[in-house]
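Please open the structure in your viewer and keep the selection panel at hand.

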Amino acid sequence: MRRLPVYLLIDVSGSMTGEPIESVKNGIQLLLSTLRKDPQALESAFLSVITFSDRVTQVVPLTEVATVQLPNITASGGTSLGQALQTLTETANKEINKGTSSEKGDWKPLVFLMTDGQPTDSVERGLQAFKEGKWGIVVACAAGSGADTNLLRRITENVVVLDTCDSNSIKAFFMWVSSSVSASSKRVDSGAQPDTLNELPPPPEEISLLKF
Amino acid sequence: MSLVTIQAKDGASVEFIKKDPKQGGVKDVYFSPDRSYVVAFYRKELDFGSKERLERLVGNYRVGIFSKQGAEYWKNLFRWPERIVEYEKKTGIVVPVYQPNFFFPENTTLAGAEKEGKWFTSAKNFNRFVPEGEKGNLLSYLRICINLSRAVRRLHAAGLAHSDLSYKNCLVDPKTGDACIIDIDGLVVPNLFAPDVLGTPDFMAPEVVTTMKLDPKDPNRKYPCRETDQHALAILIYQYLFHRHPLRGSKVYSDDTEIQESLEMGEKALFIEHPTDTSNRYKIQKNDKDFLPWIDTGKLPYKIMGPYLKELFEQAFIKGLHTPSERPSADDWEAGLIKTADLVQPCLNKDCVKKWYVFDNSTKPVCPYCGTKFKGQLPVFDLYSSHDGKNFRADNHRLMIYNNQYLYLWHVFRNVFPNEKLPDSQKKPVAYFSFHKNQWIMINQTLDSLVDLTNNKPIPKGSAVPLTNGLKLQLSQEQFGRVVNVSLVKA
């Protein structure tokens, strides 16, 4: 059966210490508990969490939402966004069943990237690799005013902004992620995959959609 | 909390608590203080046509269904909008709340979630996430399907089409066999109000999928109507009975998911169990263990539902798949499902997941779900009826006998049917069965003129008749009364 892979790419650099990182952890828990009461998501959605600071770590390999266990996540160090994109692409390549002419593969993955600052590594190579991958909807979230929205815009046209990096905003973001995954899994459940942000539920007021 | 009291268009007083609305696709839903109804407001302003449609649904169509015979019965099968309200420039409808058994109970892992169809149509959800006590059994799924067929039959009889039947719009309770159609405000009145939506993709008819890219004014474009409801109903029934989709097989048409979708549900739609074209059989993949055994069509083919449903599935997914006029009507499904419910026998394995199975017409019945063989004596009643009181012909209706099985009036008379029109007085059993001293007996409770034709002996009320192979019983001497022929399978 086809799976709907969902990748969360989370900035855990030093600037996320305190309220932001705690809010992210609560947000992912909220995301999971919501999806666990949604029959479409329970059937098809698989979640992976990749964190990046100085290092990039896949803290949750692609796992069905029913059994995901979230390890403790701590914030420290820099923001290796380029390496994160590289790792995401390589990991997805390994984890996703691409299908053949005689077998249907998985659905294209959804990617939700959240960062609060400027990358501290070079992003070009990772960005290049990422651009060559096959993705479903990719959303980049600039948490607070420190993130480089122009750079995020090069990753995806779907950039959303949280004005502040507080617990309410971060919670609202993950609620929106959960309704987006729900909506996507409902659609793939019926054979169609959304490919633009317009096909997802509108974000709540805490989140503004960046328009160019 | 802020209580709002408004006057509905019909003059009735309507109250709701204006706090934390539940947000649906297009409506915000508020509860009444006593939680007996909800007030659902459309977020967007309705156009003239939509308002007109609501007026009709709440007016004529509701009155037509709920003021006639069986009104109480239909209240359980439909959450029908009862009133229209206007508040702060928004249009809303007043709808009764769902019965409590359509929510998973508090002491389960899914506490509070609605029992929408997808919990039960998906093999993985059914296997792993539906709490044990909520899974129901084969008989309760047959009841769900009977209820849905009946509800659709009633809509069609009223000249309506649902237009978006799907597991989202049907709440079901496999514990009791109850089913209820919700979100009725989008109903289509053919030739009067066009549909708002084309349907939900798993359930859209092939002709709708094939023509959906045509210009809306193109006369070849197909819209939801009674025949597309018939397709959706057949899909729902198949999914509830088998926990798999009848058209989602392994055939690959394109690596583009959108093209694949539009071909496999549209122009190229092909039954996964087509008897001669096997190209869309589902090939089990290595990550499919959560979906077994239900997706294994070799192990649990559609034929296990017995002769009546086998024929209807073939009519729906082979003959009628691309020929809408050939599809079975809701009536056909209701009749076939009711007869199938008489064909089930209990599985001897008390841990069997389905508890019942349809008799396979063999002398060595085996439960297809758990492989348990039947052991013992199995009486089978074949029903015969007559149009002239002399010559009796087979009704193609068979009743399996098991401990605590009952005989009802609709078995006794060929003109009685178990549906909404049947008064309560006719719903009581007229005889029952028991395995007593190593022999099956039928105990007559209320039949006035039951006769053992083989031994030419009346069986008065309160007495029993042993069931032997070849025994013929006349159930009633009255007009429309049936004769049964008893066979005894010994395994």
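How much area do chain A and chain B bury between them? In this predicted model, the two chains bury about 2300 Å² between them, and 50% of that area lies on carbon and sulfur atoms. Colour the two chains separately and select the contact, to which chain A brings 25 residues and chain B brings 32 residues.

Stay at the interface and show side chains. There are 4 salt bridges between chain A and chain B, one of which joins the side chains of A:Glu64 and B:Lys124 at 2.9 Å, N to O. On the side of chain A that touches chain B, helix H2 (39–44) and helix H6 (167–189) of chain A each supply at least two residues, and H2(A) gives the most, with 4 residues.

Next, select residues 306–319 of chain B, which make up helix H9, a run of 14 residues that reaches 18 Å from its first C-alpha to its last, close to the 20 Å expected. Its buried residues include B:Tyr308, B:Leu309, B:Leu312 and B:Phe313, and among the elements that cover the buried residues of H9(B) are helix H5 (138–157), helix H7 (226–242) and strand E13 (392–400) of chain B.

Finally, turn to the open sheet of chain B, where 4 strands lie in the order E14-E15-E16-E19 with antiparallel pairing. Strand E14 (406–407) and strand E19 (464–466) of chain B stand at the edges with a single partner strand each, so one side of each has no neighbour in the sheet. E14(B) is joined to strand E15 (residues 431–436) of chain B by 2 bridges, and B:Leu407 stands opposite B:Ala431 in E15(B).

Terms used:
Residues numbered from 1 in each chain as written. Chains lettered and ligands numbered in written order. Predicted model: local features only at pLDDT ≥ 70, side-chain atom pairs only at ≥ 80, totals over all residues. Heavy atoms only, no water. Pairing = 2+ DSSP bridges. Expected span 1.5 Å × (residues − 1). Buried < 20%, exposed > 50% of the residue type's maximum accessible area, 1.4 Å probe, protein only. Contact = heavy atoms within 4.5 Å. Buried area = accessible area lost by both parts, 1.4 Å probe.
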